[in-house]
Amino acid sequence: MNYNVYKTKKEASEAAYKLIKENLKENSTLGLATGSTPTDLYKAMIEDYKTSNISYENITTFNLDEYVGISYDHPESYHKFMDTNLFNHINIKRENINIPDASAKNLQKAIENYQKKLDNNTINIQILGVGSNGHIGFNEPGTPFDSGVHIIDLEDETIEANSRFFGGDINQVPKQAMTMGIKDIMRSELIILLAFGENKKDAIKKLMTNSEITTEIPCTILKNHQNVHIFVDEYADYQN
Ligand code: GLP
């Protein structure tokens, strides 16, 4: 694994974007993440889009996850997040955007549809954040490594961590999410993992130093991937 430490989230995000740009082709497929982690990366993408001749016209995207039980219009839906933080600012085609439909009436059907689309595509570049408990996407500890798209009950630690987006009220945080599985993430050709802040340090330490690969710390599976680049700020640096 290629490990990179920068002083700030902004610097690390700009370096991660540089790597994305080097690998981006006209018709690439991108795997995208939400949460606080990728916001500066998306800013860097937008900034460069405005000032260079890069085009997203033939780019396809797949998002990692979406909360179950909140509609698109909810300010914290991941679909809304993506529109606000990236899609509304670049020339991506709406039909090329894929996000788990976690507000579908028939969730099983929505799972099958998303899985089918993922199986018919190869994600060239997957952007990942990591939960403080080591989750990737919303694959919480204990999720089998061979999992595909599924609905997961969020851990108390995750609900607590994400309550900051819901006015600090854990009762407002959805209790379930639809997520790409670990198997889907591992199929990506290039994985770029970002982690910022002290509360990610432990997960990064387990990823970088534990010899054990265990479903109890989902991100440790990334040791088995041949092309992982990690970008952290000095607070998440496990050597610090
Ligand atoms: C969230 C997301 C993950 C994300 C992780 C870290 O809840 N579902 O995809 O990478 O947990 O979140 P944050 O970036 O807000 O710290």
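# Reading the pocket, ligand and sheets

Me: How much space lies in the largest pocket?

Reply: About 440 Å³ of space lies in the largest pocket. Of its 27 lining residues, Gly35, Val130, His135, Asn162 and Lys200 are the closest to its centre. This is a predicted model, in which local features need pLDDT of at least 70 and side-chain atom pairs count only at pLDDT 80 or more, while totals for chains, interfaces and linings use all residues. Residues are numbered from 1 along each chain as its sequence is written, and side-chain values use heavy atoms, with hydrogens and water left out.

Me: What is a pocket, and what is a cavity?

Reply: Rolling a probe the size of a water molecule over the atoms shows where empty space is left. On a 1 Å grid over the protein atoms alone, a cavity is a set of points where a 1.4 Å probe fits but cannot get out; a pocket is an open set with protein on both sides within 12 Å along at least five of seven lines, and lining residues have an atom within 4 Å of a point. Grid points are joined across faces, edges and corners, and a volume is the space filled by probe spheres set on the points. Here the search of the whole structure finds one cavity of 30 Å³ or more, and the largest cavity has a volume of about 50 Å³. Its lining includes Phe62, Leu118 and Arg187.

Me: Which helix gives the largest share of the pocket lining?

Reply: Helix 5 (residues 156–162) does, with four residues. Helices (H or I, at least four residues) and strands (E, at least two) are DSSP runs, numbered from the N terminus.

Me: Which residues come nearest to the ligand?

Reply: A residue is near a molecule if one of its heavy atoms lies within 4 Å of it. Of the 14 residues around the ligand, Thr37, Asp65, His135, Asn162 and Lys200 come nearest. A side-chain N or O atom of Asp65 is 2.8 Å from a nitrogen atom of the ligand. For His135, a polar side-chain atom lies 2.8 Å from a ligand oxygen atom. The protein buries 96% of the 390 Å² that the ligand exposes when taken alone; such accessible areas come from the Shrake-Rupley method with a 1.4 Å probe.

Me: Where is the antiparallel pairing of strand 4?

Reply: Strand 4 (residues 65–67) is joined by three bridges to strand 8 (residues 176–179). Asp65 stands opposite Thr179 there.

Key:
Pairing = 2+ DSSP bridges. Polar contact = N/O pair within 3.5 Å; in protein donor to acceptor, adjacent residues only side chain to side chain.
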